[in-house]
Amino acid sequence: MIRKIIKIDSEACNGCGLCITACHEGAIVLVDGKASLLRDDYCDGLGNCLPACPMDAISFEEREAAEFDEEAVKKHLEGHHHHHEHHEHTLACGCPGNHAELLSRPESTYKPETQPETKSQLNQWPVQIKLAPPNAPYFDNAHLLIAADCSAYAYGNFHNEFMRNKITLIGCPKLDSVDYSEKLTAILQQNSPKSLTLVRMEVPCCGGLESAVKTALKNSGQVIPWQVVTITTNGRILEV
């Protein structure tokens, strides 16, 4: 049948996951850091996801699509809820990045008066992706660290393990609601970095940052060693 259904522009999507939270039918998922319609018959065509998208990446279209199936949606949501009850970092009701959780750790033996001072490993300013000038001299021949701004708080040894001897840029695509790929492309094109490390959180909204880095590497034409490191909300490196 021909009916109204959502259309997602994957090029404009920044992977923030807000549309997933807004969709009451569970019709939208993240695939490779981009929002995607899971099944046509899960979409009711009401468009609750449209105003939630900060990038205007979602619109309506009329096309051949399966009829909205309310019973299928109910079964899908029941299974979705059951699945997420067994995953501590994911909520059935929305983005895990919004999940309020008290993190518990073993009691620390750290005593400030007996421990050496931990020095900052930040080598340049500004540190925000939005504020960094692409032609800054410190980018040339640098080892770049692109990091989700939550990651330094989640991972205790972030300065020594990730920032040491690197030029660090941070950002959050969910809060900034911008496409970082253009700025990162300009930085890569105007300089000759030696390597790039992306440190992101495990939450889906960080997919927007990973997508921006991949787009920038592709558009810049730079061929450099690069890697992605994922940090869990309780401060562990997620093994892939």
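Student: Okay, exposed means a relative accessible area over 50%, buried means under 20%, and partly exposed is in between. With that in hand, is D32 buried or exposed?

Tutor: D32 has a relative accessible area of 75%, which is over the cut-off, so D32 is exposed. Keep in mind that this is a predicted model.

Student: Where is D32 found?

Tutor: D32 is in the loop that runs between strand 2 (28-31) and strand 3 (34-37).

Student: What about D56, what is its phi?

Tutor: D56 is not a glycine, and its phi is positive, about 55 degrees. D56 belongs to the loop between strand 3 and strand 4 (58-64). With a relative accessible area of 66%, D56 is exposed.

Student: Switching topic: which two residues does a cis peptide bond join?

Tutor: That bond joins W125 and P126, with omega at about 5 degrees. P126 is in the loop between helix 2 (70-85) and strand 5.

Student: Now helices. How do helix 6 and helix 7 pack?

Tutor: Helix 6 (residues 181-190) and helix 7 pack with their axes 8 Å apart and at an angle of about 40 degrees. The crossing of helix 6 past helix 7 is right-handed.

Student: Which residues meet there?

Tutor: From helix 6 come S181, L184, T185, L188 and Q189, and from helix 7 come A212, V213, T215, A216, L217, N219 and S220. The residues of this contact divide into 6 nonpolar and 6 polar, with no charged ones.

Student: Let's zoom in on A216. Buried or exposed?

Tutor: A216 has a relative accessible area of 1%, so A216 is buried. Its place is in helix 7 (residues 207-220). Leaving aside residues up to four places away in sequence, A216 touches S181, L184, T185 and L188.

Student: Which residues of helix 6 are buried?

Tutor: They are S181, L184, T185, A186, I187 and L188. These buried residues pack against strand 5 (143-148), strand 6 (167-171), strand 7 (195-201) and helix 7.

Student: Why are F158 and F162 separated by about one helical turn?

Tutor: Because they are 4 residues apart in helix 4 (residues 158-163). An α-helix has 3.6 residues a turn, so residues three or four places apart point the same way. F158 is buried at 2% relative accessibility, and F162 is buried at 8%. Along with Y155, F158 and F162 form one aromatic cluster.

Conventions: Residues are numbered from 1 along each chain as its sequence is written. This is a predicted model: local features need pLDDT of at least 70, side-chain atom pairs count only at pLDDT 80 or more; totals for chains, interfaces and linings use all residues. Side-chain values use heavy atoms; hydrogens and water are left out. Helices (H or I, at least four residues) and strands (E, at least two) are DSSP runs, numbered from the N terminus. Buried means under 20% relative accessible area, exposed over 50%, partly exposed in between (1.4 Å probe, protein chains only). Contact means heavy atoms within 4.5 Å. Axes are lines fitted to C-alpha atoms, for helices over the stretch in contact, and angles run from 0 to 180 degrees between N-to-C directions. A crossing is left-handed if the near helix is turned anticlockwise from the far one by less than a right angle, and right-handed if clockwise. Ala, Val, Leu, Ile, Met, Phe, Trp, Tyr, Cys and Pro count as nonpolar, Asp, Glu, Lys and Arg as charged, and the others, Gly among them, as polar. Rings of Phe, Tyr and Trp (its six-membered ring) pair if their centres lie within 6.5 Å; planes under 30 degrees apart count as stacked, over 60 as edge-to-face and the rest as tilted.
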